[in-house]
Amino acid sequence: MKAEQISEHVWSLSTWLVIPLRVWVVVEPDGVTLVDAGIPFLTKGILSFIDQLGAGPLKQIVLTHGHSDHVGAVKRIVEARKTPVFAHEIEIPYLEGKEPYPRRKKAEMTVTPGVVQPLRKTAEGELETTAGLTPYHTPGHSPGHVVYYHEADGVLLAGDLFTSKAGKLNRPMPMFTADMAEALKSSLILRELQPAHLEVCHGKPVKRPAEHLDEYLQTTARAHAIPESVWQ
Ligand SMILES: [Zn+2]
Ligand SMILES: [Zn+2]
């Protein structure tokens, strides 16, 4: 597992298991937040990295979505540290195995029911900023997928909203993506946020990703026969 500091408050921890895989550690004055939890094999590496960092205890895990390669270490981390875990409320029935993900035949429980709580909302009904991270609902890859924007650092932790190729945006893996047209529509979040740096779970970071957005939309729309009206 490789640890790399990508901005003042954000570290990326990465490994390779058939495909690249990464999770993120976000530092605050009173402790750290883990964004996504990779695969079970990463548990020890994640926890010892957090301990060595000396930036305080692990306060919470926040998930981009519930696929098994993003929640794999949740069980053991929660057992070891009693940390609360959050995901978008829409994602919870899928990761608890109560409903099959769209385009999947069978429901699959990736986290024990009751462990994951819904991300908190403000009085206005918006997802609440936590650890300097503002969650944005970006459905498509999965119904309750969210990205987390660290505004102070200009870093967007985008989970599986994209992958990347040669320093540019690339589509999420089609086989595991519930609705590519919806994911394309969700990618417009880049235009709104204009992040300086984009992190994806399966691929290398992309600098100033909004500059590549038009090209990405066109290429992906063409590959999946998605009409422009979906994203314009
Ligand atoms: Zn996924
Ligand atoms: Zn994934």
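Donors here are N, O and S atoms within 2.8 Å of the metal (3.2 Å for Na, K and Ca), and since water is not among the atoms, sites may look incomplete. This is a predicted model, where local features need pLDDT of at least 70 and side-chain atom pairs count only at pLDDT 80 or more, while totals for chains, interfaces and linings use all residues. Residues are numbered from 1 along each chain as its sequence is written, chains are lettered from A and ligands numbered from 1 in the order in which they are written, and side-chain values use heavy atoms, with hydrogens and water left out.

**Exercise 1. Work out the zinc site.**
Task: Find which residues coordinate the zinc ion (ligand 2), and classify the site.

Solution: 
- Step 1. Grab the donors: D69 (OD), H70 (NE2), D160 (OD) and H202 (NE2) sit at 2.1 to 2.3 Å.
- Step 2. Check the angles. They run from 80 to 162° among the four donor atoms, and the site comes out irregular. For reference, four donors count as tetrahedral if all angles lie between 85 and 135 degrees; four count as square planar and six as octahedral if opposite donors are over 155 degrees apart and all others between 65 and 115; anything else is irregular.
- Step 3. H70 belongs to helix α2 (residues 68-71), and H202 to the loop between β13 (197-199) and β14 (206-207), so the pair links parts of the chain 132 residues apart. Helices (H or I, at least four residues) and strands (E, at least two) are DSSP runs, numbered from the N terminus.

**Exercise 2. Buried or exposed?**
Task: Sort H70, H202 and E89 by accessibility.

Solution: 
- Step 1. Set the cut-offs: buried means under 20% relative accessible area, exposed over 50%, partly exposed in between (1.4 Å probe, protein chains only).
- Step 2. H70 is buried at 0%, and H202 is buried too, at 6%.
- Step 3. E89 is partly exposed, at 41%. E89 lies in the loop between β6 (85-87) and α4 (92-95).
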